[in-house]
Amino acid sequence: MQKQQILWADDEIDLLKPYLIFLDQKGYEVTPVPSGIDAIEECKKRVFDLVFLDENMPGMTGLETLSKIKALKPNLPVVMITKSEEEQIMEQAIGSKIADYLIKPLNPNQILLSVKKILDNKRLVSETTNKGYQTDFQAINMAVSDSLNHEEWADLYKKIVFWELEMAKSQDKTMLDVLESQKESANDSFIKFIEKNYESWLNEPNINKPLLSHRIVQKKVLPLLEKDCPVFFIVIDNFRLDQWKVVQNWVEDLYHLDEDSHYYSILPTATAYARNALFAGMMPTDIAKYHPQFWVNEDEEGSKNNFESELLGAQLQKLKPNTKHSYHKILNADAGKLLLGQLHNLYKNDINAIVFNFVDMLSHARTDIQMIRELAADESAYRSITKSWFEHSALQELLQILAEKKVKVVITTDHGTVRVEKAVKVVGDRETNTNLRYKQGRNLTFNEKDVMFTRKPERLFLPKKNISTTYIFAKGNQFLAYPNNYNHYVNYYKNTFQHGGISMEEVIVPYIVLSPKK
């Protein structure tokens with residue numbers, strides 16, 4: 001295998017011969033030059049993997065040489081070496097995007113560590129990631145086979161997400177298939193856990209149960225209220241735990257994480273049910289009963305989420321009267337700019353609820369638009385697009401502004417989403433809803449082994465239009481397909497992101513509380 005090439009520029013290069021020999025013995029080929037001018041000429045003639053650059057050289061200084069090398073080859077990593085510990089020099093070098101900064105006198109291991117960190121980093125990370133996952137593999141398998149409670153299931157899901165993100169950084173994807181298989185197996189067991197316990201959580205008051213959608217405002221948001229410290233309650237539709245993790249580092253630069261937690265979405269894990277429950281503080285049957293003017297049935301025309309502001313107002317009036325609040329739904333960049341423009345008016349409120357719909361629109365666009373399918377071809381790419389949106393969104397601008405204020409910020413979602421792979425046949429009449437992950441109707445035909453179902457929707461606090469209304473929920477990575485034009489339907493929706501059913505990705509969702517560091 002060809003040796004990796006290092007260029008070393010130092011006006012005392014003859015004194016560094018022991019280091020050059022040391023690197024040669026470690027498998028690196030070093031080209032020594034005595035000046036910045038010589039370094040630039042070598043960079044023009046040859047390809048190098050790394051440059052060591054002395055800062056204090058006569059003639060052209062290290063910083064001047066660095067600037068010219070970066071102009072020639074912006075992506076060539078450069079390590080600055082200096083006798084000086086002056087802060088100004090360090091800042092100039094770091095501002096010029098050096099890869100590392102070493103202070104003389106050097107020692108061989110210090111140099112080797114810098115080289116490996118830069119040149120072998122990806123390989124070493126891949127090897128360490130695979131070894132780490134292999135060590136954890138058996139622990140995850142054993143945990144899945146045990147009788148876990150809802151907190152332990154959340155911890156297990158978080159561990160799987162951790163390894164997904166670690167492997168996404170790795171060059172070696174050999175263990176990714178193993179992880180995906182293990183995740184599918186874990187989802188199978190999680191679905192059985194939901195089938196066994198979900199109805200009890202809703203109907204038995206004194207059992208151990210997770211925090212569910214309709215308790216979030218009461219249990220988590222209202223307790224944050226304090227004088228002259230408004231709460232910004234941000235709900236990002238379809239926002240999964242892994243998507244939160246890819247933006248978390250940016251957020252933590254500005255905020256303290258007071259709580260990095262989760263809750264369980266109600267069923268169906270769909271906007272019309274889970275988000276209405278979130279804002280109403282009620283399960284769907286109670287919304288339909290006590291606020292019929294705000295509930296839109298599946299067979300009725302119009303959006304199912306046009307009354308979130310009214311539902312939130314009614315909940316706050318019941319739980320904490322005279323709470324000043326606002327509600328905003330951000331569907332596009334113009335709406336985001338409008339929100340930022342009127343932000344100064346919101347600080348006088350106790351609670352400001354803000355819904356960002358981008359991630360939900362992304363999942364729908366990925367289904368309908370071939371270009372988006374190509375851009376978000378898999379889980380890693382889907383996360384990447386979410387991160388890119390966040391970095392250029394009104395949400396990021398909002399968080400930057402709020403980081404300068406005395407506020408509390410809550411970031412959460414209504415439900416997650418799952419990439420579907422397997423079709424399950426179901427037959428329904430014309431009144432059956434169109435969602436691919438759950439169906440509601442009176443004439444549903446399905447294989448009972450394929451889905452979770454209930455013929456008593458009232459036990460799950462779900463409205464029923466007829467005495468024979470049944471709800472069915474897709475499991476894991478399945479989606480519900482009609483026999484008519486079956487092959488076309490399956491090919492169109494396979495490998496798309498959907499929500500409404502039962503999976504760890506849809507049910508276990510992030511709940512974050514932030515306070516500005518300033």
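How many bridges join strand β6 (residues 231-236) to β9? The legends below, drawn from a predicted model, begin with this strand.

**View 1. Strand β9 and its two partner strands.** Six bridges join β6 to β9, and the two strands run parallel. Within this pairing, Ile234 has Ile354 of β9 as its bridge partner. Strand β8 (residues 325-330) is also parallel to β9 and is joined to β9 by six bridges. Here Ile330 stands opposite Phe356 in β9. Together, β8, helix α14 (residues 333-341) and β9 make a right-handed β-α-β unit.

**View 2. The side chains of strand β9.** Ile351, Ala353 and Val355 point one way from the strand, while Asn352, Ile354 and Phe356 point the other way. Six of the six residues of β9 (residues 351-356) are buried, so the strand is largely enclosed by the rest of the structure.

View 3. The structure holds 28 aromatic pairs. One of them is Tyr273 with Tyr438, an edge-to-face pair at 5.6 Å centre to centre with 90° between the planes. This pair links distant parts of the chain: Tyr273 lies in helix α11 (residues 271-280) and Tyr438 in strand β13 (residues 438-441), 165 residues apart. Tyr273 is buried, with a relative accessible area of 2%, and Tyr438 is buried at 4%. Phe294 and Phe307 form a tilted pair, 5.4 Å centre to centre and 35° between the planes. Both lie in the loop between α12 (284-290) and α13 (308-319). Phe294 is buried at 15% relative accessible area, whereas Phe307, at 25%, counts as partly exposed.

**View 4. An aromatic cluster.** Trp153, Phe190, Phe193, Tyr198, Trp201 and Tyr264 form one aromatic cluster.

**View 5. A charge over a ring.** The charged end of Lys425 sits over the ring of Tyr486, 4.7 Å from the ring centre.

Terms used:
Residues numbered from 1 in each chain as written. Predicted model: local features only at pLDDT ≥ 70, side-chain atom pairs only at ≥ 80, totals over all residues. Heavy atoms only, no water. Buried < 20%, exposed > 50% of the residue type's maximum accessible area, 1.4 Å probe, protein only. Helix = DSSP H or I, 4+ residues; strand = E, 2+ residues; numbered from the N terminus. Pairing = 2+ DSSP bridges. Right-handed = clockwise from strand over helix to strand, strands pointing away. Phe/Tyr/Trp six-rings, centres within 6.5 Å; stacked < 30°, edge-to-face > 60°. Lys NZ or Arg CZ within 6 Å of the ring centre and 35° of its normal.
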